Amino acid sequence: LAGGILSAGAAEIAPDEVVFKDDIEVMDSLTGQPGDPANGREVFADRKLGNCLACHANSDMSELPFHGDVGPVIDGVASRYEPSQLRAIVVNSKNVFGPETIMPSFYRLENGARPMEEFQGKTILSAQQVEDVVAYLTTLSD
Amino acid sequence: LALSGAAAADPDDNKLIIDGEEIATDAAAPEGSPFDRLYSGWRFRTSETQDLQADDFENPGFAAITLGEELWDTVEGSEGKSCASCHGDVSEGMKGVRANMPKWSEAAGKPQTLENHINTCRTDRMGADAWKWESEEMLAMTALVGLQSRGMPTSVQTDGPMQEWWEKGKDLYYTRVGQLDMACANCHEANFGKMIRADHLSQGQINGFPVYRLKWGGLGSIHRRFKGCMENVRAEPFKRGSDEFIALELYVASRGEGLSVETPSVRN
Ligand code: HEC
Ligand code: HEC
Ligand code: HEC
């Protein structure tokens, strides 16, 4: 966010200002606010938002059809990762898993070539949606 | 012990038999292929969708074949000719043609797809208007021409003047595009056999085109499918008939070298 000292309420971290620790952790909330797990659950399932269910099966969503299996089953993910690691994965999966991963990076700007006009210069999820989905993931422990 | 999810979702073992004749839906992988074995998209569809393709009377793509046969004999343009005037019976004149597309054209100085060849005949030889890429007429004609190669193994030239185009197509195949940042290879090479939401990922082969897609409620061209896949990852697609899509078609065709032509195939 160019050249401004922001008031606490608006302290949203811009995509290119997210600080990674050892490539695998993002310690601070992107919004300075805690995420809302109920909304994060929506983000996980919604095809126009995270569409995480396209690749990750999730027992907590057994009411929904068509869970994908391109990625690992998400059950118990909070027992495998710290919240800071989950945030890092969602923000920029490539930092964590390497450049070959198929998983999109949900909060970075330099994605693939030829983005459609309506998505140019935009992240897939907003900072708050990232926090919400991370908050939701932290509820999925074994 | 439980089977892994991926194994359970691999291509099935069903056989495609049309009118008592088996059409091979897998093939040995050509040299240099990233695959252990090649599979037609048919092997990844549900048995209900597979059955539609196994019976020409059930196959909804055959309505277009009827139209194609009419067009084949229709005189059009300033030269007073139909396709039949020069090529005779379609089953003889067009046998094997689909299996080797796209082909190098000396006159055009670039590879030509089936659509390109048909339009060259229309404009330069018949004095008629070109058909639009995705028009009912073009789809009917490419379906009719494709059917004359059904069961024949595909094979395209990739050397000589084609090489540069092949390289360009390969480049596009592995380039990540769109806001979702995926290349063709992420889905169709690294993850075929897996489920992406409701879709069972295939190798993205083009041996069945034009395909009748239940979702489209009609036939669609190879370039329409490429466009759709690019849009799904929020990328600005190339235009149908563009040099980029011609190069990509050539490259994808080479990845399916040896698979049988299935036109008109049925997909969901
Ligand atoms: C197109 C496929 C795809 C989509 C969409 C996707 N992921 Fe992933 N995800 C993967 C893959 C594949 C991996 C495993 C790492 C690898 O192989 O690259 C993974 C790994 C993960 C992991 C680590 C899981 C573990 O047990 O190690 C988490 C957490 C995760 N994803 C969360 C999400 C969230 C949240 C979303 C949506 C906002 C999402 N993913 C969307 C493909 C996807
Ligand atoms: C996000 C995943 C994804 C990406 C990236 C993708 N596709 Fe697809 N593609 C699909 C799905 C899903 C289908 C429908 C099921 C199937 O046949 O795999 C499909 C179908 C196809 C088919 C039809 C196969 C048949 O048998 O009818 C072709 C051809 C194809 N894709 C080519 C491509 C090309 C070329 C690219 C790159 C420009 C590409 N795809 C990128 C997901 C993808
Ligand atoms: C006046 C004669 C004439 C007419 C009319 C004509 N063609 Fe052709 N067509 C040719 C010739 C000659 C070639 C071969 C060009 C070459 O070998 O480079 C050809 C080539 C083709 C090819 C490529 C074959 C291959 O193996 O490369 C296709 C496909 C084709 N024509 C389809 C059609 C269709 C469909 C129509 C009607 C809409 C049509 N043609 C009308 C003369 C004609």
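How many residues surround ligand 2, and which are the closest? In this predicted model, where local features need pLDDT of at least 70, side-chain atom pairs count only at pLDDT 80 or more, and totals for chains, interfaces and linings use all residues, 23 residues surround ligand 2, and the closest are B:C184, B:C187, B:H188, B:S202 and B:C229 (a residue is near a molecule if one of its heavy atoms lies within 4 Å of it). Residues are numbered from 1 along each chain as its sequence is written, chains are lettered from A and ligands numbered from 1 in the order in which they are written, and side-chain values use heavy atoms, with hydrogens and water left out.

Among the polar contacts of ligand 2 (pairs of N or O atoms within 3.5 Å), a nitrogen atom of the ligand lies 2.8 Å from a polar side-chain atom of B:H188. Oxygen atoms of ligand 2 also take part, with a backbone N or O atom of B:S202 at 2.7 Å and an N or O atom in the side chain of B:R267 at 2.9 Å. In chain B, α9 (184-188), β8 (199-200) and α10 (222-232) each supply at least two residues of the shell around ligand 2, and the largest share, four residues, comes from α10(B); here helices (H or I, at least four residues) and strands (E, at least two) are DSSP runs, numbered from the N terminus. The shell divides into 13 nonpolar, six polar and four charged residues, where Ala, Val, Leu, Ile, Met, Phe, Trp, Tyr, Cys and Pro count as nonpolar, Asp, Glu, Lys and Arg as charged, and the others, Gly among them, as polar.

Around ligand 3 there are 18 residues, of which B:C83, B:C86, B:H87, B:K103 and B:C121 come nearest. A nitrogen atom of ligand 3 is 2.8 Å from an N or O atom in the side chain of B:H87, while an oxygen atom of ligand 3 lies 2.7 Å from a polar side-chain atom of B:K103.

The confidence of the predictor in each residue, the pLDDT, runs from 0 to 100, and chain B averages 96, with 97% of the residues scoring at least 70. Over residues 1-8 of chain B, however, the pLDDT is below 50, and beyond near neighbours in sequence this stretch has two contacts in the model (heavy atoms within 4.5 Å). Where pLDDT is low, the predicted coordinates should not be read in detail.

Methods
Polar contact = N/O pair within 3.5 Å; in protein donor to acceptor, adjacent residues only side chain to side chain.
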